[in-house]
Amino acid sequence: MNTDQFLVKSDINLIENTKFTWKTPSNIALVKYWGKSNPQIPKNASISFTLNNCHTITTIEFEKIEKTTEVTFDLFFEGKKKEEFKPKIAEFFKRIQDYCPYIFNYKMTINSENSFPHSSGIASSASGLSAIAMCLMSLENELVQDLSQDFINKKASFLARLGSGSASRSIEGPLVVWGEHPAIVESSDLYGVQFPFKVDPIFQNYQDVILLVDKGEKQVSSTVGHNLMHNHPYATNRFQQANDNLGKITTILQEGKIKEFIHLVESEALTLHAMMLTSSPYFILMKPNTLEIINSIWEYRNNTNSNICFTLDAGANVHVLFPENEKDEVLQFIDKELSKYCQKNHYICDTVGLGATKM
Ligand code: PMV
């Protein structure tokens, strides 16, 4: 694997103070990544829809200082200094320092805010880390001239991945593949790439309503969950199945086979949670209302022949996916039948988006 391509090889022309602001989205995986080796190399390929409304906006102010041996930064979240978030970001900077040596020449002030409530159970690591990665690449683009947009996106995804695997899929859109796979020629374990084929219109502008079943902190972090795949009795089969599913969904998306899409996506969600149920120690992230929602979706689908389906990430919240042409009916159904299973009836309407934007 060629990580050398991401080292800074040309001269760095340090500039004085500057700042950049980026808005980067969250994403929802259709084929899931669960299990990795060091450093953040996925055990199987995954694919996600990039979201539009769930995003992070981050500004980094760079102030030139005498070169240091420790990265110097302050972190503000929604206007307040957040010491408790610093260790994770400090660890991220450590992982990327060889690829971004210029971070030792600046004091960084990071200001971040999310469009979704902080304690909504929606993972903010994907949007949060991809936003920091884009700000760093904007700086690098000033220090080392003539970077292509393709390289900037690739390296931003590469850097974001080192913070949180799924963050590698939050730079571009509408569909991103991360992890080497024979069906996707340019795919890599090091960064996400845009799904390279034309997608059937039924999958364009797809809708995702996120039902906030449990807004609390997860009992088991995804870091712990990934690690439990190391000695997992079903791991080998699971990684093979995920790669097979990536091959299948590549065709499904191009040919518009929506019934097969529904089957594959729901199976992926349940398999992810089956891995949790069968880890040692075992754990359950779904809540009773997660199951109520799944059963209601199945009942509605049986009664109406709707193309609604669900997926889950590593938590209790349910992502309800459906084509844009079913929006009116499905939103009514969600409001009437599903919102009662959400904390304070709270849900977020989102659609598929196109990735990071500079502000
Ligand atoms: O990026 P992480 O380490 O938080 O892992 C994310 C894993 C899932 O969200 C459960 C699946 C995925 O592919 O996004």
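**Entry 1: N317**

I looked up N317 and found N317 in the loop between β11 (309-312) and β12 (318-322). Helices (H or I, at least four residues) and strands (E, at least two) are DSSP runs, numbered from the N terminus. The model is predicted, so local features need pLDDT of at least 70 and side-chain atom pairs count only at pLDDT 80 or more, while totals for chains, interfaces and linings use all residues. Residues are numbered from 1 along each chain as its sequence is written, and side-chain values use heavy atoms, with hydrogens and water left out.

Is N317 buried or exposed? N317 is buried, at a relative accessible area of 3%. I noted the cut-offs: buried means under 20% relative accessible area, exposed over 50%, and partly exposed in between (1.4 Å probe, protein chains only).

I then checked what the side chain of N317 reaches. A polar atom of this side chain lies 2.8 Å from the backbone nitrogen of V213. For the backbone nitrogen of D214, the distance to a polar atom of the N317 side chain is 3.1 Å.

**Entry 2: S170**

S170 sits in the loop between α3 (149-163) and β8 (175-178). With a relative accessible area of 0%, S170 is buried.

Which side chain forms a polar contact of 2.9 Å with that of S170? I found N27. A polar contact is a pair of N or O atoms within 3.5 Å; within protein, one must be able to donate a hydrogen and the other to accept it, and residues adjacent in sequence count only if both atoms are side-chain atoms. The S170 side chain also reaches the backbone oxygen of P25, at 2.7 Å.

I listed the contacts of S170 (heavy atoms within 4.5 Å). Neighbours within four places in sequence left aside, S170 is in contact with residues including T24, S26, A126 and A356.

**Entry 3: R95 and Q40**

R95 belongs to helix α1 (residues 86-96). Its relative accessible area is 36%, so R95 is partly exposed. Apart from neighbours within four places in sequence, R95 is in contact with Q40, L162 and G163. A polar atom of the R95 side chain lies 2.6 Å from the backbone oxygen of L162.

I followed Q40 next. Q40 is in the loop between β2 (36-37) and β3 (41-42), and Q40 is buried at 6% relative accessible area. Phi of Q40 is positive, about 60°, although Q40 is not a glycine.

**Entry 4: backbone angles**

I wrote down the background: most residues other than glycine have a negative phi, and most peptide bonds are trans. D146, which is not a glycine, has a positive phi near 70°. D146 lies in the loop between α2 (125-143) and α3, and D146 is exposed, with a relative accessible area of 76%.

I also looked up cis peptide bonds. The bond from G173 to P174 is cis, with omega near -5°, and P174 is in the loop between α3 and β8. The bond from S280 to P281 is cis as well, with omega near 0°. P281 lies in the loop between α6 (258-277) and α7 (288-304).

**Entry 5: C349**

C349 is in strand β13 (residues 347-351). C349 counts as partly exposed because its relative accessibility is 39%.

**Entry 6: domains and ligand**

The domain assignment gives domain 1 (4-197) and domain 2 (203-351); such bounds come from an automatic or database domain assignment. The centres of domain 1 and domain 2, taken over C-alpha atoms, are 25 Å apart. Their contact takes 33 residues from domain 1 and 45 residues from domain 2.

Where does the shell around the ligand come from? Domain 1 and domain 2 each supply at least three residues. Among the 13 residues around the ligand, Y33, S166, R169, S222 and H226 come nearest; a residue counts as near if one of its heavy atoms lies within 4 Å.

I checked polar side-chain atoms against oxygen atoms of the ligand. One of S166 lies 2.6 Å from a ligand oxygen, and one of R169 lies 2.7 Å from a ligand oxygen. For an N or O atom in the side chain of H226, the distance to a ligand oxygen is 3.0 Å.
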